Amino acid sequence: MADLALSPPRAALAATVDDEILVLPVSVTLVEPVDPASSPRIVQVPADNPDLAGRNVVVIVDDGPQWFRLRSLTVRGVAEAVGDCTYRVVPERIMAWDYGSLRETPTSPETSTPRTASFSVAADAGEIQPFHSPNLEAALRSSRVMILASRSRKGTPFAVPLWFVHHHGRIYTTTAASSWTVHNVAASPQVALLFGGEGEDTAGRLLVGGHARAVRGVPPPAVLARITWRYYLHPQFAAVELSHVRQWALRVRYYSQSQPAFVVIVPQTATESRMPSLQR
């Protein structure tokens, strides 16, 4: 994962400001490149954003649209102002995903008890009318992985890259019922999404605010069919799937470790944001 830390194709920052979760495109560089895991991060955010100094933030970098190529590195810490729109984040916790390296590992007797799955009891997201715009429609067509940011009941930010599909004006994504995303959405339905910046895409980003609802089980058949075609059967990804056929059984076991759930997001706002250039 060192290459992802040193030269990330896409980077974002999530923070809670005034009881709302925000996600911003950022530029990231390492203070100590020889130690890409624990090195402090220098993060530059776009101008005209709230002051993040002293706030608990999550910095996330990711790459790869296909399941076995999806990687992500998340650093949690406190933002320390070091310049104009620039912050220093010392890692307090680091999490990494690399699905291509999926393998079986012995179960530790000290494994912590999984979080109890909780689900939204607020008004059904179906009662809220989705926001529509040409920019949003374009982003939903061209993007393959979105950054979904949510917050806990105490305001702790969380961000994760997720697949998604668009159906009848709503955005659907699948996850584990015990995931932090489901846990947070049940506590606070307001979420923030970032689209764009994947792979060779160096254009602007689209920041989307929305209302989310977590649902136990698998998505409706029409949504499940869209996910299957878009990420498993599409010719762009089918060859990669076949090259990892020996890991299919492990993937099924990986998912079976938790009950399935999906999140329905009703877009409410969409704002364009340019990628900041890191000042050295």
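A residue counts as buried when its relative accessible area is under 20%, as exposed when that area is over 50%, and as partly exposed in between. Arg88 has a relative accessible area of 28%, so this residue is partly exposed. The model examined here is a predicted one. Arg88 forms a salt bridge with Glu80, with 3.9 Å between the closest N and O atoms. Glu80, at 42% relative accessibility, is likewise partly exposed.

Of its 280 residues, 49% count as buried. Among contacts between residues at least 6 apart in sequence, 71% join residues at least 24 apart.

Helix α3, which spans residues 180-187, gives a friendly example of how burial can be arranged. Its residues Thr181, Val182, Asn184 and Val185 are buried. They lie on the same side of α3, because they cover an arc of only 165° around the axis. The buried residues of this helix pack against several strands, including β9 (146-151), β12 (170-176) and β15 (260-273).

In one of them, the side chains of Glu198 and Arg10 meet at 4.0 Å, N to O. This pair links distant parts of the chain, with Glu198 in the loop between β13 and β14 and Arg10 in strand β1, 188 residues apart. Arg10 is buried, at 1% relative accessibility. Arg253 and Glu104 also meet in a salt bridge, at 3.1 Å. Here helix α6 holds Arg253, while Glu104 sits in the loop between β8 and α2, 149 residues apart. Arg253 is partly exposed at 46%, whereas Glu104 is exposed at 56%.

Definitions and conventions. Residues numbered from 1 in each chain as written. Predicted model: local features only at pLDDT ≥ 70, side-chain atom pairs only at ≥ 80, totals over all residues. Heavy atoms only, no water. Buried < 20%, exposed > 50% of the residue type's maximum accessible area, 1.4 Å probe, protein only. Contact = heavy atoms within 4.5 Å. Helix = DSSP H or I, 4+ residues; strand = E, 2+ residues; numbered from the N terminus. Arc of directions from axis to C-beta.
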